[in-house]
Amino acid sequence: MMENQVFMSFTFYSTILILKMYVVAIITGQVRLRKKAFANPEDALRNGGLQYHREDPDVERCRRAHRNDMENIFPFLFLGAIYSLLDPSPTVARIHFFIFCAGRIVHTIAYLLQLKAPTRSVAYSVAQLPCFSMALQILLATTPYW
């Protein structure tokens, strides 16, 4: 696997995306602390009282950004891993992985900073293109075996 240039490129971009997800999780925790909006009563009690066991719009925005990452990055991890096994052109594969990664980073920035529409939607759509391309190529490669 380590000799497979495509898989190594996939591994690089996947790791960047996983680290980005960790950063969003840390941001969510920091916003919870700053806004004193805790999901669990025991956390609220530890940080000032049950009145802080509540929802906050900024915390919920962070949570939605994180959930959106999970809904999109996890399928990419599957598609990219399988796609890497199809022996695609390393340059084309790298372009697929880069576009997805860049789109997800822009999407997260747009989500967390509440950038003007349609920034987030465009970033989401652009990131989906390589996923659809990889899925189609996987289906075409595996159709003879169904």
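This is a predicted model: local features need pLDDT of at least 70, side-chain atom pairs count only at pLDDT 80 or more; totals for chains, interfaces and linings use all residues.

Reply: Happy to. The structure holds zero disulfides, a disulfide being a pair of cysteine sulfur atoms within 2.5 Å. A disulfide is a covalent bond between the sulfur atoms of two cysteines. Cys62 takes part in none, and its nearest cysteine sulfur, in Cys101, is 20 Å away. Cys62 counts as buried because its relative accessibility is 5%; buried means under 20% relative accessible area, exposed over 50%, and partly exposed in between, with a 1.4 Å probe and protein chains only.

Residues are numbered from 1 along each chain as its sequence is written, and side-chain values use heavy atoms, leaving out hydrogens and water.

Now to Cys131, which is among the buried residues of α5, along with Ala123, Ala127, Gln128, Pro130, Met134 and Ile138. Helices here are DSSP runs of H or I with at least four residues, strands are runs of E with at least two, and both are numbered from the N terminus. The buried residues of α5 pack against α3 (57–84) and α4 (90–112), where contact means heavy atoms within 4.5 Å. Helix α5 covers residues 119–142, and its end C-alpha atoms are 35 Å apart, which agrees with the 34 Å that its 24 residues should span at 1.5 Å a residue; the expected span is 1.5 Å times one less than the number of residues.

Cys101 brings us to α4, where it is one of the residues that meet α1, as are Phe97, Arg104 and Leu112; the α1 side includes Tyr13, Leu17 and Lys20. The two helices, α1 and α4, pack at about 5° with their axes 8 Å apart, so α1 is roughly parallel to α4. Axes are lines fitted to C-alpha atoms, for helices over the stretch in contact, and angles run from 0 to 180 degrees between N-to-C directions; under 35 degrees counts as roughly parallel, over 145 as roughly antiparallel, 65 to 115 as roughly perpendicular, and the rest as oblique. Leu19 also lies in α1 (residues 5–35), and counts as partly exposed because its relative accessibility is 48%.
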